[in-house]
Amino acid sequence: MPQIAKVIVDVPTMQTNRPYDYQVPDTLLDHIQPGMRVAVPFGKGDRLIQGFILTIQDQANFEGQLKPITAVIDLQPAVNSELLQLSSWLAERTYAFQITCLQTMLPSVMRAKYSKTAQLVDEIDPALQASLFNGNDELTFDQSLAPDKLKQLMHLQRQGKLEVVYHVDDRARVKQLTAIEPALSFEQLEEARTGLRKSAQKQQQLISYLQSLIGQPNPLLKDVLATTIFTRENIKTGADKGWLRQVKVEAYRNPYPKTVTTTQKMALTDEQKRAVDAVVTATQNQSDRVFLVEGITGSGKTEVYLQTIDAVLQQAKTALMLVPEIALTPQMVKRVKGRFGDQVAVLHSGLSEGEKYDEWRRIERKEASVVVGARSAVFAPLENIGVIIMDEEHEASYKQDESPRYHARDVAIWRSQYHHCPVILGSATPSLESRARAQKGVYQLLRLTQRINQQPLPAVELVDMRVAMKQQASSNFSPALLDALKDRLQKGEQSVLLLNRRGFSSFIMCRDCGFVLQCPNCDISLTLHMDTHSMKCHYCGHEEAIPRTCPNCQSRQIRYFGTGTQKVEAELQELIPTARILRMDVDTTRKKGAHAKLLKRFGDHDADILLGTQMIAKGLDFPDVTLVGVINADTALGLPDFRASERTFQLLTQVSGRAGRADKTGAVIVQSFNPENYAIQFAKQHDYEGFYQYEMAVRHRGGYPPYYFTVQLTISHPEEALAAKKSFQIARQLRPVLSDQAIVLGPTPKSIARINNRYFYQIVIKYKQEPQLQAKLAEILETTQIDTRHGFKIGLDNEPLQFT
DNA sequence: AGCACGCCGACT
DNA sequence: GTCGGCGTGCTC
């Protein structure tokens, strides 16, 4: 019976976003399986591309002549049945191509690279061969190939003297090392010894050494050379005489070679114990319940995760723990590895491609049963998952900002339903979406209100910058903050300074009264557009002139808001010349490992003040930091995004938690032009619940998530008028299928209206229940496919986090 | 994406 | 007359 494989091909377009039928050659029949990568001919020229086998069946849907699969790339399926199903779901939910989803789930080295070579199949003029092929008979096509040479090649191809050969290169390489293995038995070696001269001391010793290896695991050559008296030459002699064999062994690139000190379970508080018990009970009952652990900083959320993982491992299941990229510090890894040892695999962007591949293989081979990783680790090929944990679940980095625009939280919940296991979402400041679900009973709320060390949360002092500016204009430092910094310097204690860089220069604020220009219709800040010299609302398109004086207090001190870290560093150095300042921002942490190095230097007291952007707010824990200063609390508030308050609250709460975590009490100083703003006030009080209630009312009033679902369409074109026209055309198509409950915002131009010479427009749909919406959006994507030929790009983001 | 087919302007 | 421009259609 002929076997037909349904293959998803690596051609990310709308038209090819479906399985293609291929014939399975008899030679491949016995080991081909769904989930394997294959190389298949595709299109007129039969160029070779990578594909994924979805299913194997005995009937083809396609009427025409089927092409055979050229080769199977994998020995084992690269994607198991669960992840295959997940890729379909993900493609549908995020409006992405299934091939893009499949590639996203795998380490990047498993994505094929393509190349094309020209191969001579007949004799040609030797002079031509010399000039074209440099004397060889093969030549790779690349961008450096001159057009006239290309012409000559095509001519030869038409004459049948040259063939174009396509290559699919799997870059997934297994690292191999050489090991030493005795080739003879103990007795045979002894026999070999008798043939030696007495003086051949080294060889005698080598034989004894080989005898001692029998029954032992084969040592690596490099270890033998490093730890024994034998040289490379001795080993070679042994191999030549047939005493030993040099064998290739697979090795993992180990990103954490240092042995970690084991750590012990900590005693749990009653609250922690209750949380662990609740989740562990769920794991025993195979329940796919979602728990929201709302725990203040220092309440020991991590210990709850670790003990839950421990219980899950005892049930012979596996565990997946997601952590935001910036929180995935060496300290964090050490803590988990210290508890669970070598069965932990770590996946994050700091690893090389090869290291990621090796960690992935360890998981796939069931050598690792605990996975710790950032967003994409949610696709780790674990089987029999017992719990999925997502720390800092409110973090925006869990949402991928390119296709497939998935949220790791949604994937985690999907997988938990597949594995019948619970999910823990943990945060000191849960996203409103999650907290609201806990309110409705969709998730189960577990609160940790006590700090482990029984210390009070640090006192937060608000400094009104409107007042400070009057005394000392144009300084980023209020007298209060400056005095506190000097005080810590004198005591030999450390300080952390946060510069909030979000919303840099994009909005304007009055320096006298803190007034931020708002849209009259939307309760959202207007964004400054320098290209059109106007203030615009990104939601409704409202536009007005840039004010010269403050509409609130008539001051002329109304201007763009924003400051860079370098400028602040220079200013601070001038104000406190003796302070050793460490600056941490995108510029100083670009290189691999730079982030960790900076943190280590600070931990080693190489500096007194750590100055940085948001990245300093996460997870770092230095016992000698007794002061946290926030230079500008309000910049995020000026963003044209309804989540601005939520982000500000989260950020302030997080940095506050950095102060005085050990025995020393900490202080927090927050500079703000809007000290009365509710997000800042609730953060000062460490009152998440209060903020949650208040913000929910604001969201309710404005009709924003979690009261509404949202979906964002982005339309772009090199010509602005065409982008605008197409957007309105799409909006017109949408309205008829929507109910009265749905709200269509826009089309409006995006805040950065032009990127790479393309003009961007967006449409945001807010809705509660629109059964027809998903299908209509998919249809729009389909029908606008023709337009991509004419320079249009249409993108869809389900539940966007960024509205800029 | 990338390849072939197809239909119009400036060259041997 | 042909070479080659890129608009259009299709890929099992």
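Predicted model: local features only at pLDDT ≥ 70, side-chain atom pairs only at ≥ 80, totals over all residues.
In the surface near DNA strand C, β2 (20-23) and β3 (37-42) each contribute at least two residues. β2 makes the largest share of that surface, with three residues.

**Around DNA strand C**

- Sixteen is the count to start from: 16 residues surround DNA strand C, and the closest are D21, G43, F62, K67 and R789.
- Sorted by class, the surface near DNA strand C holds six nonpolar, five polar and five charged residues.
- Sugar or phosphate supplies 33% of the atoms of DNA strand C within 4 Å of the protein, while the rest belong to bases.

- R18 places a polar side-chain atom 3.2 Å from a base nitrogen of DNA strand C.
- R789 has a polar side-chain atom 3.0 Å from a base nitrogen of DNA strand C.
- With G43 the backbone takes part: one of its polar backbone atoms is 3.1 Å from a sugar or linking oxygen of DNA strand C.

**Around DNA strand B**

- DNA strand B has V11, T13, K44, R47, K116, Y166 and R789 around it.
- Of the atoms of DNA strand B that come within 4 Å of the protein, 56% are from sugar and phosphate.
- The surface near DNA strand B divides into two nonpolar, one polar and four charged residues.

- In R47, a polar side-chain atom lies 3.0 Å from a base nitrogen of DNA strand B.

Note on methods: Residues numbered from 1 in each chain as written. Chains lettered and ligands numbered in written order. Heavy atoms only, no water. Near = heavy atom within 4 Å. Polar contact = N/O pair within 3.5 Å; in protein donor to acceptor, adjacent residues only side chain to side chain. Helix = DSSP H or I, 4+ residues; strand = E, 2+ residues; numbered from the N terminus. Nonpolar A, V, L, I, M, F, W, Y, C, P; charged D, E, K, R; others polar.
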